[in-house]
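Here is a friendly walk through one structure, to read with the model open beside you.

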Amino acid sequence: MDFTQISPLNLQDNLIKLIGKEYMLVTAGTKESNNCLTASWGGMGYLWNKPVATIYIRPQRYTKEFIDREEYFTLSFFDDSFKKMFAYCGSKSGRDVNKVKECNLTTFETKNGSIAYTEARLVVECKKVFAAPFEEKNFLDKSLLTNYAAQDYHIQYIGEITDCLIK
């Protein structure tokens, strides 16, 4: 696999660019049953005296069922040669297709039993510590509501970063 474990404090990537422009696969589940989605909303930082990652998932996304069920999730980052994979995983539902198979990805289990991909260049594993839905009343800038169909608000998940693996 050729990954090296590093502290999240030693990540050298520009995380705003990495998440917002280069994308990530958010994955949850077990070796027997897992799903991923392409995401470009999220962040990493420090909260409650812990290194954390924040992700946002729409309620109708199939991966949400896995994230809700499991204790951990992973964020996997790839090099530029995987752009087509991100497009595919962002446009297809795991209810209908096996994204891992269709994208020729190879899964592995982390030390906590999460699922990640050997093809990734960076894997961040997170233990869920908080989840809450967006609510219309909490939007201070009401113009942001134009991003949503009727009550189609994301769920925010915060995970304590438990492991970082880099190539």
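## The largest pocket

Strand β3 gives the most to the lining of the largest pocket, with 3 residues. Both β3 and β5 supply at least two residues of that lining. (Helices, H or I of at least four residues, and strands, E of at least two, are DSSP runs numbered from the N terminus. On a 1 Å grid over the protein atoms alone, a pocket is an open set of points with protein on both sides within 12 Å along at least five of seven lines, while a cavity is a set where a 1.4 Å probe fits but cannot get out; lining residues have an atom within 4 Å of a point. Grid points are joined across faces, edges and corners, and a volume is the space filled by probe spheres set on the points.)

A word on the source: this is a predicted model, in which local features need pLDDT of at least 70 and side-chain atom pairs count only at pLDDT 80 or more, while totals for chains, interfaces and linings use all residues. Residues are numbered from 1 along each chain as its sequence is written, and side-chain values use heavy atoms, with hydrogens and water left out.

How many residues of strand β3 are buried? The count is 6 of the 6 in residues 34-39, so the strand is largely enclosed by the rest of the structure. (Buried means under 20% relative accessible area, exposed over 50% and partly exposed in between, with a 1.4 Å probe and protein chains only.) Asn-34, Cys-36 and Thr-38 point one way from β3, with Asn-35, Leu-37 and Ala-39 pointing the other way.

Strand β2 (residues 24-29) pairs with β3 in the antiparallel sense over 6 bridges; pairing requires at least two DSSP bridges between the strands. Thr-38 in β3 is the bridge partner of Leu-25, and a hairpin of 4 residues joins β2 to β3.

## Two nonpolar cores

In soluble globular proteins, nonpolar side chains tend to be buried together. The largest nonpolar core here has 24 residues, of which Val-26, Met-44, Ile-55, Leu-75, Phe-77 and Val-124 touch the most other members. (Such a core is a set of buried Ala, Val, Leu, Ile, Met, Phe, Trp, Tyr and Cys residues joined through side-chain atoms within 4.5 Å.) Elements that each supply at least two residues of this core include β2, β3, β5 and β10 (155-166), and β10 gives the most, with 4 residues.

A second, separate core of 17 residues includes Val-100, Cys-103, Tyr-117 and Val-123.

Which residues of helix α3 (residues 83-91) are buried? They are Met-85, Phe-86 and Cys-89. Seen down the helix axis, the buried residues of α3 fall within an arc of 100°, so they line one face; the arc is that of the directions from the axis to the C-beta atoms. Lys-83, Lys-84 and Ser-91 are exposed on the other side. The cover over the buried residues includes β2, β3 and α4 (99-102), judged by contact, meaning heavy atoms within 4.5 Å.

The structure holds 1 cavity of 30 Å³ or more. The largest cavity has a volume of about 50 Å³, and Phe-86 and Lys-83 are among its lining residues.
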